[in-house]
Amino acid sequence: MYQLLSGISRWAIPAVLLIVPIVALLKGVKVFEVFVEGAEEGFATAIKTIPYLVAMLVAVTIFRSSGAMKMTTRFLAPVLDHIGFPAEVLPHAIMRPLSGGAALGIATELIKTHGPDSFIGNLVSTMQGSSDTTFYVLTLYFGSVGIRRYRYSIISGLLADLTTLVASVYAVRVFLHH
Amino acid sequence: MVNYVWLAMVFFGVVAAAASGHIEAVTMAAVEGAQTAVKTSFSLIAIITFWLGIMKLAEAAGLVRGLANLARPLTRFLFPGVPRDHPAIGAIVMNLSANMLGLGNAATPMGLIAMQELQKLNRGDKDTATPAMCTFLALNTSCITLIPTTIIGIRILYGSQDPTAVVGTTIFATSLATVVAVTADRILRRLYGQGG
């Protein structure tokens with residue numbers, strides 16, 4: 001099953017790059033001209049995200065570098081201990097919605113220290129794979145179209161992250177017998 | 001909500017830095033964060049430009065509409081406010097497929113295209129998220145993943161005996177998170193009212 005999925009993953013983009021232009025050509029589309037016409041908006045779209053990303057990443061970096069993140073970890077660790085969540089993985093759980101790069105760094109460090117096949121290694125692998133950088137995605141996606149009021153998006157995003165945390169502990173304990 | 005989260009991060013950051021006696025960390029972090037943001041946006045120029053070109057071709061070839069038709073049973077339930085033949089549906093489907101396959105580089109541009117299309121349908125205040133946008137981002141941030149490509153690579157790097165052991169646990173956790181996100185989105189949409 002995994003072999004099949006990763007095969008699809010490897011072939012997906014080359015297949016799109018093959019099929020789309022050929023079908024377009026058969027439909028009488030002037031492929032080069034239409035491609036350029038669409039691509040024209042790329043620069044403006046990317047640049048538009050700058051103020052939003054600056055605002056978000058400045059706050060996230062201050063939170064992380066100042067030691068506030070570590071304090072939050074120390075405060076929350078005893079609470080999460082109750083559901084069998086190891087304190088070592090908590091920095092990852094806190095950083096995951098805020099900064100993709102930082103979370104991946106923490107995950108890599110934990111896998112290196114505890115071994116990929118340990119409980120902590122499997123747990124952090126599962127958490128890294130099954131959630132996204134909620135704040136970054138919201139900021140980037142909304143920013144690219146100039147949306148400033150996110151309404152309830154952050155709540156549903158964070159609820160999903162919390163679910164991932166609990167579900168990961170459960171899945172690693174039950175499916176991988178730790 | 002985003003205002004409070006933002007303020008809390010900055011506020012507690014400054015307080016924590018002051019309490020531990022290295023207040024200069026705040027200034028350095030602010031500059032570093034801003035630089036990371038600009039670098040990220042600049043690196044997006046390339047992939048967004050490329051995928052916007054491909055998407056325009058796919059649209060002209062009628063493939064986006066075809067894809068939207070295939071996914072109709074699902075998208076009609078998730079995005080009742082989006083007209084069924086709208087290009088937004090095609091972009092949403094492509095974004096979610098790329099996410100599932102762990103193709104982050106393709107997923108982001110597709111997502112931004114979808115947001116542009118959804119913004120065209122925004123009849124209210126252009127500063128405020130529409131219900132369809134919130135649903136799309138709920139799906140996107142809970143990120144249905146079938147292949148966690150990056151983490152498998154790291155596991156192999158550190159000598160895992162079974163690098164793909166976490167595929168099953170990941171699919172389990174991500175599916176549950178998606179169900180929770182979509183349910184929460186539905187309930188919150190009602191609580192916040194349809195307008196704006």
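**Close-up views of a predicted two-chain model**

View 1. At a relative accessibility of 67%, His177(A) counts as exposed, since the value is over 50%. In this predicted model, His177(A) lies in the segment that follows α10 of chain A, and its phi is positive, at about 55°, although the residue is not a glycine.

**View 2. Arg151(A), a buried residue in a loop of chain A.** The loop between α9 (134-143) and α10 (153-175) of chain A holds Arg151(A), whose phi is near 50°, a positive value in a residue other than glycine. Arg151(A) has a relative accessible area of 15% and is therefore buried, because the limit for that word is under 20%.

**View 3. The two domains of chain B.** Chain B is divided into domain 1, covering 1-47, and domain 2, covering 62-192, and the centres of these two domains, taken over C-alpha atoms, are separated by 27 Å.

**View 4. The interface of chain B and chain A.** Between them, the two chains bury about 8300 Å², with 76% of this area on carbon and sulfur atoms. On the side of chain B, Met9(B), Leu57(B) and Thr141(B) lose the most area to chain A, together 8% of what that side buries. The contact draws 104 residues from chain B and 96 residues from chain A.

**View 5. Salt bridges between chain B and chain A.** Five salt bridges are counted between the chains; one of them joins the side chains of Arg64(A) and Glu32(B), with 3.7 Å from N to O. On the side of chain B that touches chain A, α2(B) gives the most, with 26 residues.

Conventions
Residues are numbered from 1 along each chain as its sequence is written. Chains are lettered from A and ligands numbered from 1 in the order in which they are written. This is a predicted model: local features need pLDDT of at least 70, side-chain atom pairs count only at pLDDT 80 or more; totals for chains, interfaces and linings use all residues. Side-chain values use heavy atoms; hydrogens and water are left out. Helices (H or I, at least four residues) and strands (E, at least two) are DSSP runs, numbered from the N terminus. Buried means under 20% relative accessible area, exposed over 50%, partly exposed in between (1.4 Å probe, protein chains only). Domain bounds come from an automatic or database domain assignment. Contact means heavy atoms within 4.5 Å. Buried area is the accessible area (1.4 Å probe) that two parts lose on being put together, summed over both. A salt bridge is a side-chain nitrogen of Lys or Arg within 4 Å of a carboxyl oxygen of Asp or Glu.
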